[in-house]
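Here are my notes on the model, as numbered points. Please read them with the structure open.

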Amino acid sequence: MLPLPGFFETGIQMSNALELLKTRASPKAADLVPPGPNEAQLNEILTIAARVPDHGKMVPWRFIVHPHETRAPLVEKLIANFRAGKPNANDAEAEKQRLRFTNSPLIVTVVSKTSPNPKVPDIEQLLSAGAASMNLLNAAHALGFGANWLTGWAAFDKSSKELFGLADNEQIVGFIHIGTAKGEVFQRPRPDLSQIVSKR
Ligand SMILES: Cc1cc2nc3c(=O)[nH]c(=O)nc-3n(C[C@H](O)[C@H](O)[C@H](O)COP(=O)(O)O)c2cc1C
């Protein structure tokens with residue numbers, strides 16, 4: 001019997017998918033250079049990010065896209081908030097924050113939104129946002145880009161609520177920096193399965 005149309009092709013795609021999952025690693029955000037994803041690629045990345053387990057179909061996350069070309073005013077406000085919240089921080093620290101948010105070709109803020117639900121505890125809604133973040137990283141890698149999931153003070157500072165337009169039940173779970181990795185991506189050691197896997 002002939003294989004179903006697309007069967008063999010799917011097999012090939014599967015082995016590629018495993019290879020991609022096995023090779024993904026985060027470049028430093030400072031090593032992300034242009035080009036970043038174009039509109040079509042970004043759309044694909046976000047579509048994949050939204051394809052995650054989501055108990056109760058609550059869609060407990062959303063994405064804010066910060067293209068490089070239009071990010072400067074946001075970064076200025078971020079730095080003003082950083083200085084206001086950390087009056088003892090020196091110029092070098094503020095500059096480090098500025099570079100972090102300025103340089104990456106693309107940043108996607110992943111926002112978790114938790115709503116009371118008797119069947120879906122907040123932790124499950126938060127985890128779904130984590131899964132969306134992870135899918136962003138994998139999708140970016142599959143398209144040949146590097147991506148790094150960062151948080152830092154801006155994710156947790158109260159001033160970010162207003163700056164990013166977050167509702168009371170929303171929080172930032174990550175800034176996903178995306179671009180082309182400059183040079184080799186460092187492959188950090190991964191946990192030894194014997195240390196983290198057990199059978200009972
Ligand atoms: C929720 C979350 C927040 C993180 N925030 C930071 C951060 O603010 N600064 C940092 O240097 N790394 C941060 N990291 C770690 C980076 O993503 C790190 O580069 C990554 O874990 C490297 O592992 P990978 O190569 O498997 O992606 C964070 C990781 C997670 C999961």
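1. Where is the place of V59? V59 sits in the loop between α2 and β2. Helices here are DSSP runs of H or I with at least four residues, strands are runs of E with at least two, and both are numbered from the N terminus. Phi of V59 is near 50 degrees, a positive value in a residue other than glycine. V59 is partly exposed, with 13 other C-beta atoms within 10 Å. The cut-offs: buried takes 20 or more other C-beta atoms within 10 Å of the residue's own, exposed 12 or fewer, partly exposed lies in between, and C-beta atoms are placed from the backbone.

2. Basis of these notes. This is a predicted model, in which local features need pLDDT of at least 70 and side-chain atom pairs count only at pLDDT 80 or more, while totals for chains, interfaces and linings use all residues. Residues are numbered from 1 along each chain as its sequence is written.

3. K57 is found in the loop between α2 and β2. Its phi is also near 50 degrees, again positive in a residue other than glycine. K57 counts as exposed because it has 7 C-beta neighbours inside 10 Å.

4. The peptide bond from P34 to P35 is cis, with omega near 0 degrees. P35 is found in the loop between β1 (32–33) and α2.

5. Overall fold. The chain has eight helices and five strands. Along the sequence they follow the pattern α-β-α-β-α-α-β-α-β-α-α-β-α. The C-alpha trace spans about 70 × 50 × 40 Å along its principal axes. Of the 200 residues, 24% count as buried. Among contacts with a separation of 6 or more, 82% join residues 24 or more positions apart. Two residues are in contact if their C-beta atoms, placed from the backbone, lie within 7 Å.

6. In α2 (residues 39–49), L42, I45 and A49 are buried. Seen down the axis of α2, the buried residues fall within an arc of 60 degrees, so they line one face of the helix. That arc is taken from the directions from the helix axis to the C-beta atoms. An α-helix has 3.6 residues a turn, so residues three or four places apart point the same way. The face turned away from the buried side carries exposed A40, N43 and T47. The cover over the buried residues of α2 includes β2 (61–67), β3 (106–113) and α5 (122–142).

7. The core. The largest nonpolar core has 28 residues. Such a core is a set of buried Ala, Val, Leu, Ile, Met, Phe, Trp, Tyr and Cys residues joined through C-beta atoms within 7 Å. V108, V110, L136, A140, A147, I176 and I178 touch the most other members. At least two residues each come from α2, α3 (72–85), β3, α5 and β5 (170–181). Helix α5 gives the most, with six residues.

8. The ligand shell. Around the ligand are A25, S26, N148, W149, L150, T151, G152, G174 and R188. A residue counts as near if its C-beta atom, placed from the backbone, lies within 6 Å of the molecule. Strand β4 (residues 146–150) supplies the largest share, three residues.
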